[in-house]
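The entries follow the order in which I looked things up.

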Amino acid sequence: MASADSILVVEDIVKRFETPDGVLTAVDHVSFDVAPGEFLAVIGPSGCGKSTLFNVIGGLLDGYDGRVSVAGETVSGPHPSIGMIFQEESTFPWRTVIDNVAFPLEIAGMGKSERYDKARHFVGLVGLDGFERRYPSELSGGMRQRVSMARTLASEPKILLMDEPFAALDEQTRLLLGDKVLQIQQDLKQTTLLITHNLTEAVQLSDRILVMTYRPGKTKRIVDIKLPRPRTSEIVGSDAFGHYVAQIWNDLREEASKGLKDDEQRVARAGAVRK
Amino acid sequence: MAAAGHMTASGAPARTGGMTLRRQVLLLRIALLAGLLGIWEAAAASGLLFRDVVPSLLTIGRSLFELLAVPDFQWEVGITTLWVPDFYRHLWITMAEVGAGMTIGGFSGLAVGLALGANPFLSKAFERFLYYLGPTPKIIFFPLMIMWFGVGPGSKVAMGTISCFFPIVLSAAAGMRQIESVLIRVGRSFRLNTWQMVTKIYLPAMRQPIVNGVRLGLGVAVIGTLLAETKLSNRGVGFLIIDAYNTFDMPRMYSLLIVLFVVAIGANALVGRASRG
Ligand SMILES: Nc1ncnc2c1ncn2[C@@H]1O[C@H](COP(=O)(O)OP(=O)(O)OP(=O)(O)O)[C@@H](O)[C@H]1O
Ligand SMILES: [Mg+2]
């Protein structure tokens with residue numbers, strides 16, 4: 001499957017964690033490859049290993065089996081072409097919005113006025129004009145998530161990994177910001193991987209969707225989304241769109257219910273132990 | 001007081017509420033101070049206690065004036081000679097010793113704390129001992145310090161150093177472990193080098209615990225230095241205090257304590273401001 005022109009190749013990744021209850025397989029033999037400029041969504045039930053997979057690709061975890069390569073070069077540690085937006089709250093509370101966004105530029109050694117100009121552009125892009133001098137503690141959760149998004153976008157990575165960046169947003173902002181991300185992605189020909197729980201978002205934005213199984217996290221299916229580009233949030237109303245959503249929802253429901261059952265059993269077991 | 005408390009609770013506009021509250025606090029403090037001074041003066045006048053142990057406020061005031069404003073020492077500063085109260089020379093010596101101790105103990109404490117925070121192996125091996133040594137009165141090391149560094153300023157600085165080292169090392173190590181792991185992942189994914197990780201992520205993220213450590217460290221460094229100055233010494237504020245005590249010059253001793261108190265409050269306020277600034 002790995003074609004010569006893939007920019008990112010993920011081969012047979014297995015990641016296990018030692019936990020107090022024994023070894024937990026978070027990612028189980030996941031393989032896929034991504035063409036330059038492609039938009040791939042990763043979707044799967046909570047706890048199935050999506051974030052773990054991203055941390056492996058981003059070079060932030062070691063002790064895994066398999067191989068990740070970027071443009072043919074095996075990744076060991078964070079790769080300069082990869083930019084990550086994390087699931088957790090990740091703004092620097094001691095920096096203002098503009099200084100947060102300018103952070104990667106500062107690290108790259110860019111001069112002050114140049115990096116502020118550039119950072120201001122990205123602050124505007126995520127709709128935070130006028131908040132440049134504010135500290136993260138003065139913003140809402142969704143606004144903070146947009147700051148970390150702008151910060152990673154400002155570093156203009158060739159490959160962008162986004163872990164539920166829109167989770168804290170309302171539906172309208174989510175759609176509008178999705179449009180903007182798509183626009184940037186198309187303009188910069190950025191290769192993008194997006195973790196999401198939102199089917200609409202996944203289908204709206206992606207070329208392909210990787211559906212993962214509940215623990216251990218395996219590839220359940222990779223779905224090609226053959227909807228015409230350029231897309232905007234308006235496509236959400238179309239029949240073809242609804243068809244894709246229904247198909248993936250079917251896959252997901254199966255996995256999600258496994259997850260729920262598993263949780264219930266665990267709760268029951270814990271209850272029994274406590275008695 | 002009950003009536004005043006009721007007034008603020010009854011939902012006056014926030015702004016004026018804040019103003020009156022602040023004024024009330026100020027008034028309460030003044031009242032407390034006046035009360036204490038009154039009791040002191042009454043005790044002094046009653047003659048129930050030794051008059052020399054509880055001297056009247058006037059005597060203390062006069063002694064304070066002598067201490068701070070009556071020149072009795074020729075201080076050669078560079079090429080000029082100043083005619084100043086001797087107290088300032090001693091104060092300067094003590095401050096320089098505390099400053100040197102804080103600098104050495106602070107930076108080494110920070111460095112060791114960062115190493116312990118970053119390395120679970122080191123922390124497992126050594127941190128427990130630091131916890132045991134931390135609360136031990138450091139004066140027990142003084143004989144050793146005298147042997148190593150002599151009776152001069154060296155042993156005083158050493159006392160200040162080991163005193164402030166412990167609180168700073170422990171709060172730096174704990175502070176480092178409290179950093180949100182995602183912030184470290186952000187730094188790594190932007191490929192920061194070690195120096196950039198320390199200066200751009202660890203230190204700013206640990207600012208509050210470090211400031212707290214420095215505050216505690218400053219307190220014990222002052223204590224350690226003053227204690228050291230009271231033994232085998234002829235310089236510094238600690239020496240002045242013990243000297244006043246030995247010559248039974250109680251008013252002078254109280255004046256020294258008052259000045260020390262004011263200096264300590266000032267230093268603490270300075271650290272507090274630095275933490276916010
Ligand atoms: N550092 C770790 N140590 C031990 N177990 C871990 C660690 N990180 C993740 N896990 C476990 O691995 C599994 C997958 O976690 P992961 O965060 O990748 O899930 P996820 O798919 O991103 O879930 P969500 O959608 O809720 O974010 C979980 O069961 C989690 O408990
Ligand atoms: Mg996750």
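I took helices (H or I, at least four residues) and strands (E, at least two) as DSSP runs, numbered from the N terminus. The model is predicted: local features need pLDDT of at least 70, side-chain atom pairs count only at pLDDT 80 or more, and totals for chains, interfaces and linings use all residues. Residues are numbered from 1 along each chain as its sequence is written, chains are lettered from A and ligands numbered from 1 in the order in which they are written, and side-chain values use heavy atoms, with hydrogens and water left out.

**Entry 1: ligand 1.** I looked up which elements build the shell around ligand 1; β2 (22–34) and α1 of chain A each supply at least two residues. The largest share, three residues, comes from α1(A). I counted a residue as near if one of its heavy atoms lies within 4 Å. Of the 14 residues around the ligand, S46(A), K50(A), S51(A), T52(A) and R215(A) come nearest.

I then checked polar contacts (pairs of N or O atoms within 3.5 Å). An oxygen atom of ligand 1 lies 2.6 Å from a side-chain N or O atom of S46(A). A polar backbone atom of G47(A) is 2.8 Å from an oxygen atom of the ligand, and a side-chain N or O atom of Q87(A) is 2.8 Å from an oxygen atom of ligand 1. On its own ligand 1 has 630 Å² of accessible area (Shrake-Rupley method, 1.4 Å probe), of which the protein covers 66%.

**Entry 2: the magnesium ion.** Which protein atoms are donors of ligand 2? I found S51(A) (OG) and Q87(A) (OE1), lying 1.9 to 2.2 Å from the magnesium ion. S51(A) sits in helix α1 (residues 50–57) and Q87(A) in the loop between β6 (82–85) and α2 (97–101), 36 residues apart. Donors are N, O and S atoms within 2.8 Å of the metal (3.2 Å for Na, K and Ca); water is not among the atoms, so sites may look incomplete.

**Entry 3: strand β7(A).** I noted that five of the five residues of β7 (residues 159–163) are buried, so the strand is largely enclosed by the rest of the structure; buried means under 20% relative accessible area, exposed over 50%, partly exposed in between (1.4 Å probe, protein chains only). I159(A), L161(A) and D163(A) lie on one side, L160(A) and M162(A) on the other.

I found β6(A) and β7(A) paired in parallel over four bridges, pairing requiring at least two DSSP bridges. Five bridges join β7(A) to the parallel strand β8 (residues 191–195). L160(A) is the bridge partner of G83(A), and T192(A) is that of L160(A).

Key: A polar contact is a pair of N or O atoms within 3.5 Å; within protein, one must be able to donate a hydrogen and the other to accept it, and residues adjacent in sequence count only if both atoms are side-chain atoms.
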